[in-house]
Amino acid sequence: MRKDNQLIVLTHLSQLISLVIGFGSLIVPLILWATQKEKVYQMDEHGKNIINFQLSLLVYFIICIPLILLFGLGILGFIVLGIVSFVFPIINAIKANNGEVPKYPLTFNFIS
């Protein structure tokens, strides 16, 4: 196994691709993780954290849809989730560049 912090950082930042093309924040990291988890040191752990975070965001976005009818709480939820989905990949990419294994907040453990 080789150590490749740049690829791990790229995997964290690939979550932001949905800001550019509208989708892919789950697909691109999933492809990078699936193809490189056996070749790159710590890619498996980082990839699992990223996939769990993206799946958790998807669940939270789905929960926010019916909450729109409840005093507009869903809209507030969409705004908060949008900020979280932008900020934490950047913070965790910086941590990954420093060699740390970052954790994403409020993440369900779908893949362990």
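Start your tour by selecting Q42: its relative accessibility is 23%, so Q42 counts as partly exposed (between the buried limit, under 20% relative accessible area, and the exposed one, over 50%, with a 1.4 Å probe and protein chains only). Q42 sits in the loop that joins α3 to α4, where helices (H or I, at least four residues) are DSSP runs numbered from the N terminus. Look at the backbone here too: although Q42 is not a glycine, its phi is positive, about 70 degrees.

Before moving on, a word about what is on your screen. This is a predicted model, in which local features need pLDDT of at least 70 and side-chain atom pairs count only at pLDDT 80 or more, while totals for chains, interfaces and linings use all residues. Residues are numbered from 1 along each chain as its sequence is written, and side-chain values use heavy atoms, with hydrogens and water left out.

Select α3 (residues 27-36) and α4 (43-67). Two packed helices are described by the angle between their axes and the distance between the axes. For α3 and α4, the axes come within 9 Å and cross at roughly 155 degrees; axes are lines fitted to C-alpha atoms, for helices over the stretch in contact, and angles run from 0 to 180 degrees between N-to-C directions. The two helices are therefore roughly antiparallel, a label for angles over 145 degrees. Their crossing is left-handed, meaning that the near helix is turned anticlockwise from the far one by less than a right angle.

Which residues of α3 and α4 meet? Show P29, L30, L32, W33 and Q36 on the α3 side, then M43, D44, G47, K48, I50 and I51 on the α4 side; contact means heavy atoms within 4.5 Å. Colour this group by type and you get seven nonpolar, two polar and two charged residues (Ala, Val, Leu, Ile, Met, Phe, Trp, Tyr, Cys and Pro count as nonpolar, Asp, Glu, Lys and Arg as charged, and the others, Gly among them, as polar).

While α3 is still selected, click V28, which is found in this helix. V28 has 27% relative accessibility and so counts as partly exposed. Not counting residues up to four places away in sequence, V28 touches S14 and I17.

**Then: Q15**

Go to the loop between α1 and α2 (17-21), where you will find Q15. Is Q15 buried or exposed? Q15 is buried, with a relative accessible area of 2%. Leaving aside neighbours within four places in sequence, Q15 is in contact with S25, P29, I50, F53, Q54, P89 and Y104.

**On to α1 and α5**

Select α1 (residues 5-13) and α5 (residues 73-97), whose axes come within 8 Å and cross at roughly 175 degrees. These helices are therefore also roughly antiparallel to each other. In their contact, α1 supplies N5, I8, V9, H12 and L13, and α5 supplies P89, I90, N92, A93, A96 and N97. The residues there divide into seven nonpolar, four polar and no charged.

Highlight G74, G77, L81, P89, N92, A93 and A96, the buried residues of α5. Their cover includes α1 and α4.

**Last stop: beyond α5**

Following α5 comes G99, with a positive phi near 90 degrees. Finish at L106, in the segment after α5. L106 has a positive phi of about 50 degrees although it is not a glycine, and at 69% relative accessibility L106 counts as exposed.

How values were computed
Angles under 35 degrees count as roughly parallel, over 145 as roughly antiparallel, 65 to 115 as roughly perpendicular and the rest as oblique.
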